[in-house]
Amino acid sequence: MKYRLGREAIALRAAKEFQDGWVVNLGLGVPTLASRYIPEGKTVIFHSQNGVLGLGPPLTEDEMDRADYDLINAGAQFATPKPGMSFFSHADSFAMIRGGHIDATVLGGLQVSERGDLANWFSPGTEVEVIGLNGVGSWGEESNCDYVTYHQGR
Amino acid sequence: MARSKIYNSCDEAVADIQDGSTIMVGGFAGPGGFPENLIAALRDRGTKDITIICNAIWGGGHTSDFLGRKYIDLCNLAENKQIKKAIVSLINDPTPNRSKAFEEQYRAGEVEMELVPQGTLAERIRAGGAGIGGFYTRTGVGTIVEQGKEKRIINGQEYILELPLRADYAFIKAYKADKMGNLVYRGTARNFNPVMATAANITIAEVDEIVEVGEIDPNIIVTPGIFVKRIVEIGSRNH
């Protein structure tokens with residue numbers, strides 16, 4: 001019998017890879033949760049493709065009184081502001097990604113092969129959950145690329 | 001004296017938009033930085049055969065509710081069959097009450113869609129606004145994104161040519177404008193807005209507040225007024 005890891009457990013596992021001083025892009029879904037689990041004693045700065053560097057973790061249910069529609073992460077969740085945070089346009093955001101200024105990305109995927117090929121934007125023939133491309137994963141060769149997905153999907 | 005850039009309503013600001021127009025729409029996901037009042041005006045005007053260039057067509061359509069706040073999203077236009085083509089980085093989202101109108105029209109062959117990697121979309125718009133004839137990128141190499149595109153080896157790596165995007169109109173959501181159309185943004189609501197403002201023949205900005213010339217510190221202006229033709233004050237709703 002196979003067991004499926006929960007969202008928080010996957011996020012915690014991904015966060016164990018973070019090294020001190022890294023700038024890490026977090027994608028939609030489970031990856032945004034990894035911002036809750038920075039390893040103790042390490043400094044990690046998070047980047048979100050929608051134009052923010054240095055944001056904090058998603059707000060919890062109890063913190064919703066601080067919700068700001070103008071402060072969301074890649075998963076369109078309300079995020080926590082942090083000192084030193086900066087905002088910029090999508091063009092500048094992808095200059096950071098494609099220009100090699102980001103140390104690692106954590107992104108969601110639909111399927112990963114044993115060689116590390118990633119299917120992350122289309123599921124043919126099924127009712128699609130997400131159709132789209134963000135162009136972050138194609139930089140896996142140059143940045144450390146963590147794929148975060150549920151083992152044993154649909 | 002030049003005509004004032006200030007329009008009294010979004011209806012007035014979109015009144016000349018003809019069927020078949022290409023329109024860029026700012027925003028990322030949800031209401032932050034999304035010009036929902038201009039979209040509502042375009043919905044009411046009933047303009048047809050629109051080509052939309054935006055990050056995403058998503059949301060709940062006529063029932064749209066983003067994290068507790070009702071707003072007008074692009075699915076409203078899809079539900080009214082006003083969209084002919086979309087140039088986007090994604091459609092749909094994981095929310096349970098999303099509108100499937102555009103996806104269903106695409107699967108039925110009623111509308112066209114060009115999927116563009118999100119960073120390539122931003123850069124194509126930037127190129128369109130800056131008069132750049134195109135650029136080479138590695139994103140998409142080895143996937144169906146490269147089909148039909150010129151390839152080139154640069155420094156030993158394979159790149160594909162991507163061409164610029166321009167539009168007849170750009171709909172922008174900014175935080176504040178002065179009467180010259182200088183814009184500042186707030187938080188992650190900046191997203192695609194500054195690049196789109198540069199890449200359309202007529203850029204229309206809806207803003208929370210219009211202030212007098214000189215009231216915004218020139219050091220913090222993100223979009224200079226030269227890029228903005230029309231501004232509409234809608235009041236503060238987003239935060």
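Modeller: Helices (H or I, at least four residues) and strands (E, at least two) are DSSP runs, numbered from the N terminus. Keep in mind that this is a predicted model, where local features need pLDDT of at least 70, side-chain atom pairs count only at pLDDT 80 or more, and totals for chains, interfaces and linings use all residues. Residues are numbered from 1 along each chain as its sequence is written, while chains are lettered from A and ligands numbered from 1 in the order in which they are written.

Let's look at strand β5 of chain A, residues 104-108, where five of the five residues are buried. A104(A), V106(A) and G108(A) point one way from the strand, T105(A) and L107(A) the other. Its partner β1(A) runs parallel to β5(A), joined by three bridges; strands pair if DSSP finds at least two bridges between them. Within that pairing, N25(A) sits opposite T105(A).

β1(A), residues 23-26, also leads us to helix α3(A), as this strand is part of what covers the helix's buried residues. The buried residues in α3(A), residues 90-98, include H90(A), F94(A) and I97(A). Down the helix axis, the buried residues fall within an arc of 160 degrees (taken from the directions from the axis to the C-beta atoms), so they line one face. Just after α3(A), G100(A) has a positive phi of about 80 degrees.

Key
Buried ≥ 20, exposed ≤ 12 C-beta atoms within 10 Å, placed from the backbone. Contact = placed C-beta atoms within 7 Å.
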